[in-house]
Amino acid sequence: MSATQTWAPQVAVTVIAEVREGRERALEGLLHSMGDGVSNERVIAFGDLEGVHFARLVLAPPVDPRDASTLILMSDVDGAQDDHLAELAERQGDGIDAVFSHCSGYPDAPAGVPARLAFLRERAVRADTSYVNRPGRTVAQVRDEARLRDAIEIYLDSARPQLETCSALDARAQVQAFVAGDPRLAFAATPAPEPRLGERVRSALDLARLPATLIVLAPLLVVVAGPWIVLLRLHECHDPAPDIRPDPAAVALVAGLEDHLAQNSFTAVGRLKPGPFRRLTSTALLWVADWATPHLFAHADLAGVKTIHFARWVFLDGKSRLVFASNYDGSLETYMGDFIDKVAWGLNAIFSNGVGYPRTNWLFCDGAWNEEAFKHYIHTHQLPAHVWYSAYGNLTNANIEQNAQIRAGLHGRMTATQAERWLELL
Amino acid sequence: MLELEDIQGLVVRGYAHLQAARYVMLGIRDAAAARRFIADTIPTITTAAAAGPGRAAHLALTAAGLTRLELPQPALAGFPPEFTEGMVAPARSRVLGDVGESAPEAWAWGGPATDPIDLLLLLYAQDAGALEELARPIEAAYANGGVAEVHRLDTAAIGDREHFGFRDGISQPIIAGLGRTGPAEHIVRAGEFVLGYQNEYGLLTARPLVPADADPTGVLPVAAATGEHDLGRNGTYLVVRQMQQDAPGFWRFAREAAGAGDPVVLASKMVGRWPSGAPLVAAPDADDPAHAAANGFGYANTDPAGLRCPVGAHVRRANPRDSLDPDPGTAGSIAVNRRHRLLRRGRKYGPAADVAALQSGTGTDDTSDRGLHFICVGANIARQFEFVQRAWVGSPKFATLYDDADPLIGRHAPLGGTFTIPARPVRRRVTGLPQFVTIRGGAYFFLPGIRALHYIGSLES
């Protein structure tokens, strides 16, 4: 049973820590003991924390083997980043100690809450772009609405003989009465929570961020547009785009961690092509993407891809590397196919700034459309995530959306046709 | 233009007129002698240029077989990982649903507990006698000590209905460039089914290449771009799976679940077509043989909610036609579907069940070993067979489904599967679906072009 539902924003928390020299092996062993693609919750119990949708721990090897590896903690949570970090420090202190004591700068054991929290805060970075499938929908809401759906389905199984001869409107009324009569479904007496006024104002102001910036920068943009296009074409024609076959053992390792739930995690890290052109271009594009996701893609649909729950891009190492992490429905082959079939243009714009990406033209064209070279690029950059937590691993976005519509349809007046459509959701 | 004389004929024909067929799995006992066996067998092999042949023979190889024949390393490395790892790699078994009773450990062939399979012979003739005649000289050639028979799959010509009693094999993709016509949505670029031609992305699918110096006499065609020689061109892959069907169990369940209703209606909802083959979208209320071969239909506009053909029905998920995101009902949706088409070449095995008696519950439970030797042809196993098997057929989350694996061939939770039949005013939910199909064997094969076979047959140690 959950607390009262409220509308709450989701935040992509990222903590980046450098692994101490000589501790990679030990940390790797620890991470392997914490999950086989799905977190076993033994060392850090993400599920015991408030409002965690997804979480993972990954180890990114260095570009130069003489350098340190990077440990990245990523979680998608309801509410504020600082509350989440504080909860980690307070309620999962032993687990945080066990993991992060392998990292440089971690306080000596016993770390104590304040020192632990200071460490996490210091290494927490804001995602350069974050995407939320349905902003505002909390873990509690997702779970409650799934319970609602399950309860109605069981009711329908038994009530079907009586309902069969009903009109759609009468059948809906019966379902409404059933829900109203079950105290465990009391939350459904009201529609899903809406954002408060303050949140709506904040969102409206944020919407103005891009146009305002464009107006301010217009004179500059007019001047740089021409040279930028020339530079882009020069880079595109001369950047090497080798099609490197992935190491089968690495692919098999990742495949062994995948497909345990209805969802999967995807984590990749890649180097940016050297020089300021790619760094500036990717910074600008991610800034635009970060503006666009909550305003243009806030309705369970990222430019045609409906299977992504959360995603983020985060620069690493002073913008010399870029991490992409997502949580999605189905298998990697489906996911890559969706990338190509539906959002190749968007991936091209961002990932073509990375070393080894298939050759693009005019930023948006070709690239991912080179199907196999793109899939090789994905495989060669993917990192294994032994420790991955999902709060509702058996639910696809399609399920979650449908559950939300079921709840919404309990309220208000409907025509007979609307009632028929609503009953089709069940 | 397709180089028909270099392509094995099975790619373009299913040989419906050749009623007798047998698939023979061979193991290599001596590499040099096995290569001689292959070279000697090539004249028997039927090419795609032979129209309506009186008999047909084909030869395919597993990755293990190619390794044993000492194919050069660069060529082996050029095959995709799903082929080189094979069907029974553990992570693959999990996603293909080959677990529990279908786990490879219990397979009759192709699994870890049975003899390794290196080669596959596929033989077709008009009748049993002609099949023996075709097989005899090939079997005699085993005597050189190169290969030995490991397992044999016999087939049964029981008509155009599979063992549950439904007409099968109606919807097939049409390979572009062969001069055949049909609805545009079924015409698929040749590269989806033959290596060396443009696929549905307008690209050449990755294929095994050998360095020029590994083919000094130039048996293989030259891959234009790199100067390497092309072992893959005109070849393709075969997915072979023995799917054992529990016909009495299927109809027992349909009778019980239908209660006072008609078990044939319930079973047809599970299949998505009526026993005659008529699609539920075209004939929603009763079987209509007038639509038996209907294949020019979609789901997005006629039946988006599945009130005629349930979203979870077998044919709707094995080939979703125009119902895929992002824009169901459009050419864009069909274009996505085209990248996941299966060209099916399987045959039934075992005695036909008395389906009428099973439907009425008057038959005895005849539990003979029967089923389908599923075979599909495709240039990209991962994007075609494996994708369809895991994302559409095997996934309880296909489209907007909640927990419905394929009612006919899917794997269900221990307590039984769920099948939702949309209806007005409220859906019907059938629960407790048992397993009707068990996988008894399987492997991935490379079906080389004729020149590639010559090359393999002429390799030296």
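The following questions and answers look at a predicted model, taking the contact between its chains, a pair of helices and a strand in turn.

Reader: How many residues of chain B are in contact with chain A?

Author: On the side of chain A that touches chain B, several helices each supply at least two residues, among them helix H5 (139-163) and helix H11 (332-351). The residues of that side divide into 14 nonpolar, 10 polar and 13 charged. Across from the 37 residues of chain A, the number of residues of chain B in contact is 30.

Reader: Are helices H8 and H10 of chain A parallel, antiparallel, perpendicular or oblique to each other?

Author: Helix H8 (residues 209-238) of chain A and helix H10 (residues 276-296) of chain A pack with their axes 12 Å apart, at an angle of about 140°. An angle over 145 degrees would count as roughly antiparallel, and one of 65 to 115 as roughly perpendicular. The orientation of H8(A) and H10(A) is therefore oblique.

Reader: Which residues of H10(A) make the contact with H8(A)?

Author: H8(A) passes H10(A) in a left-handed crossing. From H8(A), the contact is made by A:Arg209, A:Leu210, A:Leu231 and A:His235, and from H10(A) by A:Phe277, A:Val288 and A:Trp291.

Reader: Which residue stands opposite B:Val24 in strand E4 of chain B?

Author: Strand E1 (residues 20-28) of chain B is largely enclosed by the rest of the structure, because 8 of its 9 residues are buried. E1(B) pairs in the antiparallel sense with strand E3 (residues 119-125) of chain B over 7 bridges, and 7 bridges also join E1(B) to the antiparallel strand E4 (residues 147-154) of chain B. In E4(B), the residue opposite B:Val24 is B:Arg152.

Conventions: Residues numbered from 1 in each chain as written. Chains lettered and ligands numbered in written order. Predicted model: local features only at pLDDT ≥ 70, side-chain atom pairs only at ≥ 80, totals over all residues. Contact = placed C-beta atoms within 7 Å. Helix = DSSP H or I, 4+ residues; strand = E, 2+ residues; numbered from the N terminus. Nonpolar A, V, L, I, M, F, W, Y, C, P; charged D, E, K, R; others polar. Axes fitted to C-alpha atoms, helices over the stretch in contact; angles between N-to-C directions. Parallel < 35°, antiparallel > 145°, perpendicular 65-115°, else oblique. Left-handed = near helix turned anticlockwise from the far one by under 90°. Buried ≥ 20, exposed ≤ 12 C-beta atoms within 10 Å, placed from the backbone. Pairing = 2+ DSSP bridges.
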